[in-house]
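Reader: I would like to learn how to read the packing in a structure like this one. Please take the features in turn.

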Amino acid sequence: MTTHAKVENNAEILDRLISDYGPSKYKDIVRAMQWARHLRRQEEFRQIPMAELIERSLLDVVNNKVTASEVEKSVKDDQAIEDKLASRRSDKLGGKDAAESRPVRQKTGK
């Protein structure tokens, strides 16, 4: 008689954890999505598909590898970076709105 060890992949583990999860499930899913967006900004995760990053972040949040305060801090840091980039973009445009900087289409007489 042989015994077979059941090998679970991340998706199966995640499915089981989410189905047995408590009332904070929905808040933690939002945190996981925010964490996935944060991971996407890091160089080492740029080549990983977003679906894999979401799965990884869900596991990190559900297993408490990442705390709510870490996610909140990363969201604030990412927002500061976005604001800085947005101000640089507007400086390059000379203070014009993005709509004003678009080329105007000429009507053709066809």
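**Helix packing**

Author: Helix 1 (residues 10–19) and helix 3 (residues 50–62) pack at an angle of about 45°, and their axes are 10 Å apart. The model is predicted: local features need pLDDT of at least 70 and side-chain atom pairs count only at pLDDT 80 or more, while totals for chains, interfaces and linings use all residues. Residues are numbered from 1 along each chain as its sequence is written, and side-chain values use heavy atoms, with hydrogens and water left out.

Reader: How are two packed helices described?

Author: By the angle between their axes and the distance between the axes. Axes are lines fitted to C-alpha atoms, for helices over the stretch in contact, and angles run from 0 to 180 degrees between N-to-C directions. Helices are DSSP runs (H or I, at least four residues; strands are E, at least two), numbered from the N terminus. Angles under 35 degrees count as roughly parallel, over 145 as roughly antiparallel, 65 to 115 as roughly perpendicular and the rest as oblique. Helix 1 and helix 3 are therefore oblique to each other.

Reader: Which residues in helix 1 and helix 3 meet?

Author: Contact means heavy atoms within 4.5 Å. From helix 1, N10, A11, I13, L14, L17 and I18 meet E55, L58, L59 and V62 of helix 3. By class, this contact has eight nonpolar, one polar and one charged residues (Ala, Val, Leu, Ile, Met, Phe, Trp, Tyr, Cys and Pro count as nonpolar, Asp, Glu, Lys and Arg as charged, and the others, Gly among them, as polar).

Reader: Which residues form the largest nonpolar core?

Author: In soluble globular proteins, nonpolar side chains tend to be buried together. A nonpolar core is a set of buried Ala, Val, Leu, Ile, Met, Phe, Trp, Tyr and Cys residues joined through side-chain atoms within 4.5 Å. Buried means under 20% relative accessible area, exposed over 50%, partly exposed in between (1.4 Å probe, protein chains only). Here the largest core has seven residues, W35, A36, L39, F45, L53, V66 and V71. Helix 2 (residues 25–41) gives the largest share of this core, three residues. Apart from it lies another core of five residues, including L14, A32, L58 and V61.

Reader: Is H38 buried or exposed?

Author: H38 counts as buried because its relative accessibility is 14%. H38 lies in helix 2 and touches S74 and D78, not counting residues up to four places away in sequence.

Reader: How many helices and strands does the chain have?

Author: The chain has five helices and zero strands. Of its 110 residues, 17% are buried.
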